[in-house]
Amino acid sequence: MGLMHFLSDGFENARDLSLAVLVSGLLVGVIQWRLLRPHLASAAWWVLASGLGWYGGGLIGIAIWISGLDAHGRSGLTTGFTYGLSTGLLLLWLLRNRKET
């Protein structure tokens, strides 16, 4: 969420901010994928889950922030929850479908 506040200061509209959040999520996903790939054969899916988690959570967070509802608390909670849900579900799937090497 701290990155979202950092990003939001540099953008004048929600479209540009949401695109920046998506790209940031994908970049974080690439970094995490590099750590996961030696352990999980299908770890490339992590990049997509991370990007979508950041994007989905970011959209919800931006909507809460624009609506004026307790921007720091609720938007941070929903953004983190959405990211955690998308990556957590993918991690469960990756671990269940892991092939022994």
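Residues are numbered from 1 along each chain as its sequence is written. In this predicted model local features need pLDDT of at least 70, side-chain atom pairs count only at pLDDT 80 or more, and totals for chains, interfaces and linings use all residues, while side-chain values use heavy atoms, leaving out hydrogens and water.

Reader: Which element of the protein has the highest mean pLDDT?
Author: The protein averages a pLDDT (the predictor's confidence in each residue, from 0 to 100) of 82. Among its elements, helix H1 (residues 2-8) has the lowest mean, 56, and the highest, 89, belongs to H2.

Reader: How are H2 and H3 oriented, roughly parallel or roughly antiparallel?
Author: Helix H2 (residues 14-36) packs on helix H3 (residues 45-67) with the axes 7 Å apart and at an angle of about 150°. Angles under 35 degrees count as roughly parallel, over 145 as roughly antiparallel, 65 to 115 as roughly perpendicular and the rest as oblique, so H2 and H3 are roughly antiparallel.

Reader: Which glycines of H2 are buried?
Author: Buried means under 20% relative accessible area, with a 1.4 Å probe and protein chains only. The buried residues of H2 include Leu-17, Ser-18, Ala-20 and Val-21, and among them are also Gly-25 and Gly-29.

How values were computed
Axes are lines fitted to C-alpha atoms, for helices over the stretch in contact, and angles run from 0 to 180 degrees between N-to-C directions. Helices (H or I, at least four residues) and strands (E, at least two) are DSSP runs, numbered from the N terminus. Buried means under 20% relative accessible area, exposed over 50%, partly exposed in between (1.4 Å probe, protein chains only).
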